[in-house]
Amino acid sequence: MSEPTAVQLKDEGNDFFRKQDYVGALAKYTEAIALDDKNAVLYANRAACHHGLNRYLDAVDDAKMATQIDPGYAKGWSRLAASRDALAEWDRSAEAWQKALDALPKTNLSPAEQRQKDQYSAGLDAAKTHGKTTESPSISRFKAEDANLPWKIATEMLPELRKAGPEKYSSSAWVISYAYEEFTKGVAYMNEFKTIPHPQAPGGFAYGGNTMGLTYLTNGLMRDERAFHLDGPDWITKYNNQVKFEATARQAWHSDGVENIKELAQKRLKEKGWNDVRPALSVTVRAWIMRGMLDGHLTNKPDNGVQFLKRAVDLLEWGRNVWKNVHKDDRGAIFQDTFLRGVRSLHLKMFMNAYSADPGLNSKFPLEHLKEEAEDLLKEIEIASKNPSKEEVDPGMVSSFCIYPAAVAYTMIGFYHAQTALHSDDVLACISFANGASAYLQAAKTYPEDDEFHAFYLSCAMDCMRNAGLPIRDFNLAAVTLRAAVPKMMKIWTVSALQQGGRDEKIQANLRSADDIMKLVAEGKLTLEDPVPL
């Protein structure tokens, strides 16, 4: 039996696509591309599959390839425009919609071409409208002069903690203070960017600044993303200028697909060496991290955030494998264990947020995937713990890149079980809630006692205990621990995004519930071995 041709595979892919089986269609188009990699239609079709699967970055990559192969292919430009729309890249979207229109005949349009023109015109108008009305978002819930901000309190605590020595290394004060220090240093570098009139420069202007802005911003976020805040209405504009400046200065890959970057990086490495490639890769990856965090938290698009952070993880894992024998100083900090661990931790949390925005059995963000990624992270941390680095680091570094990622992984496993229980029958739901309680307790135990997450996940564990019908004895033990944790938490975390999202009300509700239940136990109406009443 003869092997199928690219045309036959394309037709099979079209059949799958019509049935909205985007995975099946994508596989067929990929097979066809392997036989005919200069076919713009195949790339445009695969871009449509990626779009249908909400993989907008991959859709952009394939659509761009289609337009490079055939700049006059209108559908290729329309696929690119639609993917840019999904990523809220309105200027680039408008440009692509215009290219799609330009690729159509100017006169004597067929009915199909007229429909295309109407669609592309509507897309162009919508992109222009969005571009005009989009304002710089702001999630800064805190006033700069607020003395209760956690990083301010934590920084004031450091002298006392240093004096106490190793016994006080397990404090969230180390984590948030160092995270804030690095993040604000990145902002300070960002504020150094300036435009300088220069008659010989393109456009009549030259640009000056510090190329370390992204490094410190991302380091701060990976130490503790709670350090992120906007200190002015023009923060986003300044940040965009900084990214463009660093990307230009380092010749970073800001619009290439991952596979293309892999090829270009290796080629460039042979031609120019690590001193050229190392900063280019660093800016590329750090820009993805920032874009993922901004999309996920500022524009409330965690699905986009997942894609950018996953792209960073994929490139880092590839680079660590390809250049595993290269000295760490040559390949750079982004390929260190701790850096990858930090990005994976951010990705897990963003994936959880994406599932929460699209929950259920048919979610585009499967819970099983979340659990598997969390378990992999725990295994990696366990292996790393057996071969600790001899490099001297601050206490916050150890917590941020070893202890906290483990706590995040346990949290994700707890979330997995709690959510799975919601879609299970009674017996399996009880088992899942019990497993969720166990994982949340482990997460709480892993965080420092003065971190708000320690108290919060104790409370989450209590919720699961109640739903699982676990013994009152266990519920009360968690309540005793939680009650002791609250004053420690409040010393640093009086104000936080979690607090403003109802943290304290949730905790106090569980403590009141525990008090009420223990009164019934004291009155002989319940025993410690009875299940926690709902």
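Select Thr218 to begin: beyond its neighbours within four places in sequence, Thr218 is in contact with Arg286, Ile289 and Met290, contact meaning heavy atoms within 4.5 Å. You are looking at a predicted model, in which local features need pLDDT of at least 70 and side-chain atom pairs count only at pLDDT 80 or more, while totals for chains, interfaces and linings use all residues. Residues are numbered from 1 along each chain as its sequence is written, and side-chain values use heavy atoms, with hydrogens and water left out.

**Around Thr218**

Thr218 belongs to helix H10 (residues 213-223); helices here are DSSP runs of H or I with at least four residues, numbered from the N terminus. Thr218 is buried, at a relative accessible area of 0%; buried means under 20% with a 1.4 Å probe, protein chains only. Now show the backbone of Leu214: its oxygen lies 2.7 Å from a polar atom of the Thr218 side chain. That side chain of Thr218 also reaches the backbone oxygen of Thr215, at 3.1 Å.

**A charge over a ring**

Next, select Arg311 and Trp288. The charged end of Arg311 sits over the Trp288 ring, 5.7 Å from its centre (the rule: NZ of Lys or CZ of Arg within 6 Å of the ring centre and within 35 degrees of the ring normal).

**Aromatic pairs**

Now colour the rings of Phe, Tyr and Trp (its six-membered ring): they pair if their centres lie within 6.5 Å, and planes under 30 degrees apart count as stacked, over 60 as edge-to-face and the rest as tilted. By this rule there are 23 aromatic pairs. Go to Trp323 and Phe335, an edge-to-face pair at 5.7 Å centre to centre, with 75 degrees between the planes. Trp323 is in the loop between helix H14 (302-322) and helix H15 (328-331), and Phe335 is in the loop between H15 and helix H16 (337-357), 12 residues apart. Both Trp323 and Phe335 are buried.

Move on to Tyr447 and Tyr457, whose ring centres are 6.2 Å apart with planes at 15 degrees, so this pair is stacked. Tyr447 lies in the loop between helix H19 (426-446) and helix H20 (452-468) and Tyr457 in helix H20, so the pair ties together parts 10 residues apart in sequence. Tyr447 counts as buried at 5% relative accessibility, and Tyr457 is buried at 11%.

**Last stop: H5**

Finish at helix H5, where the buried residues include Trp77, Leu80 and Arg84. Following H5 is Ala88, with a positive phi near 60 degrees.

Technical notes: Helices (H or I, at least four residues) and strands (E, at least two) are DSSP runs, numbered from the N terminus. Buried means under 20% relative accessible area, exposed over 50%, partly exposed in between (1.4 Å probe, protein chains only). A polar contact is a pair of N or O atoms within 3.5 Å; within protein, one must be able to donate a hydrogen and the other to accept it, and residues adjacent in sequence count only if both atoms are side-chain atoms.
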